[in-house]
Amino acid sequence: MPRAFSGGFEQLVLLAILRLGDEAYGTTIREEIESRTGRAVTVGALYTTLERLERKGYIRGQLGDPTPQRGGRAKRYYRMVRAGSLELERAHQAQASMWDGLVPRRAEPARRRSRLEPEEA
Amino acid sequence: MSAPPRLAAWIACHSLAPHEREYVLGDLHEGFDGQAETHGARAAARWYTAQVCRSSFPNMARRARTAWRSPLHRDHDPLQTSPPRRPGDRMFVSVLHDVRFGIRLLARQPARSLLLILTLALGIGVNAALFTLVNTVLLRPLPYPDPDRVVRIWDRDESRGLLYFSVSIPHYFAWRDSTRSFSAIGAYREDGFTLARADGPAAINGVRMTASLFAVLGVAPALGRPFAADEDRAGGPLAVVVTHEFWRRELQANPAIVGQAVSIDGQSHTIVGVMPASFRFPQQDRVELLVPQRLARGVEDDGSHFLRVLARIRPDTAFAAARDDLTRAAAQYRAAGSSHDRGWSVVTWPLHVAMVGEVRDTLIRLQGACLLVLLIAAVNVANLLVVRAAGRSREIAVRAALGASTMRLVRQLLTESLVIAVIGGSPASRSRGRCSAWRRPGCRSRSRASPISPWIARSSCGASRSRS
């Protein structure tokens with residue numbers, strides 16, 4: 001049976017790493033996702049996802065040198081490996097095939113019928 | 001450059017696995033600095049605290065997973081395939097083992113465990129629910145600046161059994177003019193208004209109040225201004241101040257609404273102000289319109305008592321001195337007054353006493369009874385745990401013989417008790433919905449904002465842990 005696809009947030013993190021290239025570490029990944037999607041990201045959720053992606057073998061993390069900023073603490077840089085690129089491509093193809101023939105549009109909220117409203121004939 | 005809040009930084013540090021601390025804390029620090037630069041130090045502290053609060057659970061879950069997955073003696077792992085286990089991790093894993101063992105013990109004897117948990121849940125739940133109510137109604141200050149200085153004043157006629165009676169207009173003017181202990185005295189009365197809307201008239205609750213009542217309560221409109229002096233006098237322009245709720249619902253939260261007219265009781269009133277969202281009128285629920293109460297001297301006679309009077313005591317005056325001043329002013333007025341004043345005196349109490357006076361004693365007695373229930377529950381739980389411990393003497397002896405130190409054994413038993421306390425205490429948080437329905441009149445926001453204080457839940461759970 002084929003493997004399940006990565007979740008939505010995992011894909012966002014993979015795409016952010018891909019976009020950032022050599023500058024992908026916790027803060028830049030979080031800011032990239034927040035600025036592009038408008039979605040608030042917590043550090044805890046981000047590192048849980050990064051750890052899972054690393055365990056799946058999609059990304060690889062490496063500790064950088066300490067810098068005077070950030071309270072003198074080092075950054076952990078992430079880069080995507082081949083398995084990650086393949087996974088992203090697979091997820092993208094699956095989504096594209098599901099969207100094929102559909103026109104994305106904003107769903108209109110269903111009008112709630114009042115209990116007193118008469119039924120239409 | 002400001003530093004992140006210390007408590008939040010401490011929590012962040014200890015929720016993370018040691019090998020993650022370097023870069024995750026660095027990221028949090030960098031985010032804090034960025035927020036401080038763009039939004040200021042206070043916003044940065046809020047951002048940092050929110051991040052830590054929302055990240056602590058995922059951090060601890062990640063730490064537990066990593067520690068759980070690694071072999072027991074990672075320090076001696078010759079291949080060093082994962083980060084070496086440090087003393088903090090070792091402790092974390094052993095606590096996790098104890099938690100797992102505690103849950104297994106509970107599952108092994110379901111009937112006894114259920115009894116333990118139900119007893120604790122009942123004791124803690126009732127206590128937490130009632131204390132939330134007591135805290136909201138009795139302990140928290142009213143939502144006005146210096147609330148202890150605000151007093152309520154009544155007329156009293158003991159011969160007719162009228163102990164706390166509304167005030168007449170001449171009495172209000174007499175007290176306002178001949179006392180020196182109050183920085184402001186104001187009066188109001190509740191009233192219903194008819195608002196002309198596009199889809200027909202609507203009944204709206206409100207009050208008619210003197211302009212001085214804003215100063216008494218220490219509140220001011222968030223938009224616009226309070227009533228001007230001429231709006232407070234008979235014959236002056238018609239004005240209205242609306243509450244935030246009314247502004248949002250009826251005026252579509254229009255920020256330029258001040259100065260526009262609205263038809264109330266068939267007359268056009270100018271909207272001069274919008275109160276802040278946090279404002280609640282004392283002792284009145286669902287007040288949405290504040291309209292000037294235009295009082296005129298000598299129009300109504302002494303027999304008409306319909307005003308509710310509030311006053312703010314000067315900062316340099318004690319309550320007893322203010323009460324004596326008021327009593328003196330009332331006696332002086334009575335001596336020179338008309339036949340209507342025979343028998344009338346004055347009585348005053350701080351506003352918070354006036355609001356909770358009738359229920360205060362009942363609540364305190366009820367809280368005492370609930371504490372006794374908690375005590376009985378605690379004794380029962382302690383007895384059940386003693387019985388359980390007696391049956392485990394052999395297991396503990398084996399553990400000690402295998403080399404477990406006293407500290408280790410004590411920690412294990414405490415962790416097991418903690419598991420019971422957490423399971424038994426968790427229903428307490430459910431009680432908040434029930435008690436938030438009870439609230440002090442006119443102060444809805446207080447109970448809604450914090451139905452159950454975190455420290456109440458914490459102290460209740462702490463109590464259950466210490467006794468088990």
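Visitor: Which residue forms a salt bridge with Arg388(B), and how far apart are the closest N and O atoms?
Guide: A salt bridge is a side-chain nitrogen of Lys or Arg within 4 Å of a carboxyl oxygen of Asp or Glu. Arg388(B) lies in helix H10 (residues 351–390) of chain B and its partner in helix H12 (residues 406–425) of chain B, so the pair ties together parts that are 28 residues apart in sequence. The partner is Glu416(B), with the closest N and O atoms 3.7 Å apart.

Visitor: On what basis are residues numbered and values computed?
Guide: This is a predicted model, in which local features need pLDDT of at least 70 and side-chain atom pairs count only at pLDDT 80 or more, while totals for chains, interfaces and linings use all residues. Residues are numbered from 1 along each chain as its sequence is written, chains are lettered from A and ligands numbered from 1 in the order in which they are written, and side-chain values use heavy atoms, with hydrogens and water left out.

Visitor: Are Arg388(B) and Glu416(B) buried or exposed?
Guide: Buried means under 20% relative accessible area, exposed over 50%, and partly exposed in between (1.4 Å probe, protein chains only). By that rule, both Arg388(B) and Glu416(B) are buried.

Visitor: What is the distance between the closest N and O atoms of Asp325(B) and Arg328(B)?
Guide: The two residues are three apart in helix H9 of chain B, about one turn of the helix; helices (H or I, at least four residues) and strands (E, at least two) are DSSP runs, numbered from the N terminus. Asp325(B) is buried at 10% relative accessibility, whereas Arg328(B) is partly exposed at 40%. They form a salt bridge in which the closest N and O atoms are 2.5 Å apart.

Visitor: Which strands and helix of chain B do the buried residues of H9(B) pack against?
Guide: The buried residues of H9(B) are Ala322(B), Asp325(B), Leu326(B), Ala329(B) and Ala330(B). Seen down the helix axis, they fall within an arc of 135° (taken from the directions from the axis to the C-beta atoms), so they line one face of H9(B). Counting contact as heavy atoms within 4.5 Å, they pack against S1 (150–157), H6 (169–178), S4 (182–197), S11 (305–313) and S12 (345–350).

Visitor: How far apart are the closest N and O atoms of Glu51(A) and Arg55(A)?
Guide: Being four residues apart in helix H3 (residues 43–56) of chain A, the two are separated by about one helical turn. Glu51(A) is buried at 19%, and Arg55(A) is partly exposed at 47%. The closest N and O atoms of their salt bridge are 3.7 Å apart.
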